Amino acid sequence: MADRPGAHSNTILAIILVSYVMIVLDISVVLTGLPRIHQQLGFSETNLAWVQSAYTLTFGGFLLLGARAGDVLGRRRMFIAGITIFTLASLAIGASPTATWMLVWRGIQGVGAAILAPSSLSLLQTNFAEGHARTRAVSYYAAAAGASATVGLVLGGVLAEWVSWRAGFYINLPVGIGLIWATRRFIAETPRHAGSFDIPGAITSTLGMGGLVYGFIRSAHTGWADPLTLATLGTAIVLLVAFVAIEARVRQPILPLHLFANRVRSGAYAARVLYLGAMVGFFFFTTLYLQEVVGYSPAWTGLAFIPATILHVPSAIAVPRLVKRYSPKLLLVVGMIAGIVGMAWLSRVSVHSGYWVSVAFPMLLIGVSQGLTLSPLTSAGVASVTDRDAGAASGAVNVAHQLGSSVGLSILVAVASISAGSLTGGALTAHRITTALEAGTMMLMLALLVVTLTIVMPVSRTSAKPAAASA
């Protein structure tokens with residue numbers, strides 16, 4: 001039985017962080033193993049992106065429903081349910097005999113993550129009061145995301161080369177069992193709120209986002225004149241418009257539209273979509289560059305990402321101290337600019353580029369960017385919400401995160417397929433990668449513009465001034 005709330009704050013924070021590490025780890029651990037997965041399970045080059053998108057798509061699609069379930073059924077209960085589904089799906093993925101099997105279970109794993117992620121952020125909100133305690137907790141939350149993303153790349157590469165890519169999923173079993181025990185022991189159940197589930201909203205949002213991802217990925221190998229591609233994208237847009245209409249009328253929406261009445265929160269969600277689209281593209285296409293163009297092994301590819309962590313984690317952990325000395329808005333802008341410079345620099349790689357100047361140094365800047373940016377964006381996305389809306393706000397933050405990860409990556413995959421003239425082999429691959437990274441740079445520039453207009457610039461008293469102060 002769990003102890004009273006607040007009795008073990010450091011232990012509760014550790015449980016939340018480990019659960020989030022497990023989620024993010026399974027996004028990145030698969031990347032450096034993609035070539036081996038490609039060979040063993042028979043994926044086509046274009047469909048290989050679905051190994052990532054099948055997970056992030058269901059993750060993002062079911063997040064709002066998962067967040068609502070936490071509000072209605074209890075966040076600890078749903079936290080445990082999410083861990084259980086996630087762990088069982090990880091075992092099934094590790095045992096994948098075919099590409100179809102893997103994609104199905106990656107989707108189910110995403111559903112588990114969709115239940116787990118908003119519950120973890122909601123538990124963080126309810127166990128740590130707004131102010132220094134929450135700023136510290138959110139900073140560690142952001143640091144855990146960055147560290148686990150890079151650790152996943154290194155671990156995935158090492159396991160893919162010396163053991164098997166499947167081992168990266170099997171390690172979730174002991175971690176999942178340990179988390180379930182610790183959660184039951186140390187985390188108290190949150191109050192339940194009477195209500196119902198917005199099933200039409202969940203269906204239209206999931207199918208709408210799924211259609212966008214499928215349409216962009218399909219365009220990479222069929223072109224934009226393909227009737228099915230255009231029909232899919234058109235249907236996706238209609239479904240997303242229907243979702244907004246449903247949320248405006250339904251009695252208990254999974255995404256209360258009043259969350260967007262706050263300019264700072266709305267800006268944080270939009271900037272997060274753009275920022276994560278660029279960053280997931282960075283991990284995905286840099287992995288392909290190092291393995292397909294430079295010829296690194298999976299293990300060396302993972303190790304090559306270490307510069308992205310060296311400054312990321314210290315930067316993220318330093319945010320609570322930096323916030324006391326500098327404006328959080330300044331940290332956000334500096335982080336965004338560092339990311340733009342790093343991504344633009346990295347987009348200059350070619351077949352003959354050297355690792356240290358063309359890859360490692362830009363990664364240092366990208367690491368600083370992630371460390372300084374993600375924590376303020378998370379704080380801005382949940383700032384000044386009531387306990388009743390904590391689950392919905394957490395869901396919105398995570399939806400923006402996964403929408404950027406899935407739809408953003410699919411857009412970059414489509415951009416990378418743009419005609420490259422007579423180029424072939426490594427030169428063609430390098431051209432496609434640099435094209436995608438250039439598009440990622442543009443995403444970051446647009447994210448900076450959104451942040452400047454919605455968070456950095458002064459707002460009126462009737463707008464979101466309290467949220468801006470804590471962003």
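Which residues lie nearest the centre of the second largest pocket? Phe243, Leu255, Phe260, Val399 and Leu403 do, among the 17 residues that line this pocket. The legends below describe a predicted model, in which local features need pLDDT of at least 70 and side-chain atom pairs count only at pLDDT 80 or more, while totals for chains, interfaces and linings use all residues. Residues are numbered from 1 along each chain as its sequence is written, and side-chain values use heavy atoms, with hydrogens and water left out.

**View 1. The second largest pocket.** The second largest pocket has a volume of about 410 Å³. On a 1 Å grid over the protein atoms alone, a pocket is an open set of points with protein on both sides within 12 Å along at least five of seven lines, and lining residues have an atom within 4 Å of a point. Grid points are joined across faces, edges and corners, and a volume is the space filled by probe spheres set on the points. Helix 9 (199-222), helix 10 (227-249), helix 11 and helix 17 each give at least two residues to the lining of this pocket. Helices here are DSSP runs (H or I, at least four residues), numbered from the N terminus. By class, the lining has 16 nonpolar, one polar and no charged residues. Ala, Val, Leu, Ile, Met, Phe, Trp, Tyr, Cys and Pro count as nonpolar, Asp, Glu, Lys and Arg as charged, and the others, Gly among them, as polar.

View 2. Rolling a probe the size of a water molecule over the atoms shows where empty space is left. A cavity is a set of grid points where a 1.4 Å probe fits but cannot get out. The whole structure has three cavities of 30 Å³ or more, and the largest cavity has a volume of about 240 Å³. Of its 19 lining residues, Val24, Ala149, Leu276, Phe283 and His401 are the closest to the centre. Two or more lining residues come from each of helix 1 (9-28), helix 6 (132-162), helix 11 (263-293), helix 16 (355-382) and helix 17 (390-416). Helix 11 supplies the largest share, five residues. The lining of the largest cavity is made up of twelve nonpolar, seven polar and no charged residues.

**View 3. The second largest cavity.** The volume of the second largest cavity is about 60 Å³. Its lining includes Val29, Val30, Gly33, Ile37, Trp165 and Phe169. Helix 6 and helix 7 (167-170) are the elements that give two or more residues to this lining, and helix 6 gives the most, with three residues. Seven residues of the lining are nonpolar, four are polar and none is charged.

**View 4. A nonpolar surface patch.** Ile337, Val341, Trp345, Trp356, Val357 and Phe361 make a nonpolar surface patch of about 600 Å². Patches are made of residues with over 30% relative accessible area and no salt bridge; nonpolar side chains (Val, Leu, Ile, Met, Phe, Trp, Tyr) are joined within 5 Å, and like charges within 9 Å. Accessible areas come from the Shrake-Rupley method with a 1.4 Å probe, and for residues only the protein chains shown count as cover. Helix 15 (328-346) and helix 16 each supply at least two residues of the patch. Valine 341 is in helix 15 and is partly exposed because its relative accessibility is 42% (buried means under 20%, exposed over 50%, partly exposed in between).

**View 5. The salt bridge between arginine 77 and glutamate 189.** The structure holds two salt bridges, each a side-chain nitrogen of Lys or Arg within 4 Å of a carboxyl oxygen of Asp or Glu. In the pair of arginine 77 and glutamate 189, the closest N and O atoms are 3.7 Å apart. Arginine 77 is in helix 4 (residues 75-94) and glutamate 189 in the loop between helix 8 (172-186) and helix 9, 112 residues apart. Arginine 77 is partly exposed at 40%, as is glutamate 189 at 30%.

**View 6. The salt bridge between arginine 348 and glutamate 438.** The closest N and O atoms of arginine 348 and glutamate 438 are 2.2 Å apart. Arginine 348 lies in the loop between helix 15 and helix 16 and glutamate 438 in helix 18, so the pair ties together parts 90 residues apart in sequence. Arginine 348 counts as exposed, at 54% relative accessibility, whereas glutamate 438 is partly exposed, at 32%.

Conventions. Buried means under 20% relative accessible area, exposed over 50%, partly exposed in between (1.4 Å probe, protein chains only).
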